[in-house]
Amino acid sequence: MPHDPHSHGHAGDHGNHGHSDNELDGMAARVKALETILTDKGLIDPAAVDAIIETYETRVGPRNGARVVAKAWSDPAYADWLKQDATAAIDALGYSGRQGEHMQAVFNTPETHNLVVCTLCSCYPWSVLGLPPVWYKSPPYRSRAVIDPRGVLAEFGVVLAADRKIRVWDSTAELRYLVVPMRPSGTEGWDADALAPLVTRDSMIGAGLVHSPGDDA
Amino acid sequence: MNGPQDLGGQMGFGPVAPEADEPLFHAAWEKRALGITIACGAMGAWSIDESRFTRESLHPLDYYGSSYYEIWTKAIERLLLRHGFVDRDELSTGQKLRDGARPKRVLKADDVAAALARGTPADRTVSHAPRFVAGDKVRTRLIHPEGHTRLPRYARGRAGRIEAARGAFVFPDTHAHGAGEAPDHLYTVVFSAADIWGEGADPTLEVSVDAWESYLDPA
């Protein structure tokens, strides 16, 4: 698989080799030193750092967003609310807070496909999608999403009809965008609990589509 | 600033190369870097805008040669130095050598859930009316501020259309530099790809940015 050498932590990236916990390389030592100083000075509480990590490892992730999308698919009144006031509609499902304070939901249609990017940094709707993947924060995606979205989508295996409009949302302020993908065929009559597992993280960024059940494409 | 962070339309970075079954973190230190960055932010000494400006102020070679958590770590060191919480000799020795500035608050483990659930809302109430309404034609200003701005280069000096007025929000261009929140109206402004990229632009493409009122002139 092709890799931009700068798209991951080139010094600290051992994640693909399964021994990330026992390396004391440059960045590991640097962060450990920083945490030691801050702790000794009483500026941070290491248990708070643990709690932050645990939040994003176990509680806040793309399953939250998938439940929002599944509810919108199965409940037209909720979909309308999500369209009008996404912050409140998402909060009503219990997902709110950091990097989701001001939400907008953008709905894919047969005419228009939506794609979200942050060209200037890494703005991403944490409250519904959790922490962003490395590719979302890296120069290849941030540079090309606004000028060559079809080329970018092809790298995710997504090919849109040539006349399908594409709308790219560059997250330049504190609004955070959640893409509501189109509901796939073959799910007629399914309830939200059945629909949610179909909804992928990438589809809620616009970098993927939701496929019909049993369709591995 | 016209810094390394302003990536829209840049070329030469190669394919996106999404990683299948990507782990949440690629090394244990990344977890700590995330937690330290959020915990330090909770001290209340700097804003998200100052954080972003600090990250984009890394030398371009450093910025492009660093993973995102490396960028965060290098920026948090600079923020801590600038605000007097740590000194260089402490960072180089990895030891507390003296007391430094005291924070307004220290985030405790018991308060993490509430703090993360609360976030940091940036919307504000302002008394002045919005200058634009949905449907208005505008042109973004052609500006090159040396300080922080959230108007990307590719979207400067461009003809666009107000799609939605979003209410008033803290203005990053002042807030990043300790010059106050100066809240102003924010709009989603949409551009045709042809108006941004010109010849050869994808005819099916529109791009939007969220732009503060002072970035915009009537067109």
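## Salt bridges in the predicted model

A salt bridge is a side-chain nitrogen of Lys or Arg within 4 Å of a carboxyl oxygen of Asp or Glu. The structure described here is a predicted model. A search of the whole structure, over all chains, finds 23 salt bridges. Side chains of opposite charge can pair when their charged atoms come close.

## Two pairs in chain A

D75(A) and K71(A) form one such salt bridge, with their closest N and O atoms 3.2 Å apart. D75(A) counts as partly exposed at 25% relative accessibility, and K71(A) counts as partly exposed at 27%.

A salt bridge also links the side chains of R201(A) and D202(A), at 3.1 Å from N to O. D202(A) is buried, because its relative accessible area of 18% falls under the 20% cut-off. R201(A), at 23% relative accessibility, counts as partly exposed.

## A helix pair and its network

In chain B, R52(B) forms a salt bridge with D49(B), and the closest N and O atoms are 3.9 Å apart. Helix α2 of chain B (residues 48-56) holds both R52(B) and D49(B), which lie three residues apart, about one turn of the helix. Both R52(B) and D49(B) are buried. Through salt bridges that share partners, D49(B) and R52(B) are joined with E174(A) and R176(A) into one network.

## R82(B) in helix α4

R82(B) is placed in helix α4 of chain B, which covers residues 68-82. With a relative accessible area of 47%, R82(B) is partly exposed. Leaving aside residues up to four places away in sequence, R82(B) touches E50(B) and T54(B).

How values were computed
Residues are numbered from 1 along each chain as its sequence is written. Chains are lettered from A and ligands numbered from 1 in the order in which they are written. This is a predicted model: local features need pLDDT of at least 70, side-chain atom pairs count only at pLDDT 80 or more; totals for chains, interfaces and linings use all residues. Side-chain values use heavy atoms; hydrogens and water are left out. Helices (H or I, at least four residues) and strands (E, at least two) are DSSP runs, numbered from the N terminus. Buried means under 20% relative accessible area, exposed over 50%, partly exposed in between (1.4 Å probe, protein chains only). Contact means heavy atoms within 4.5 Å.
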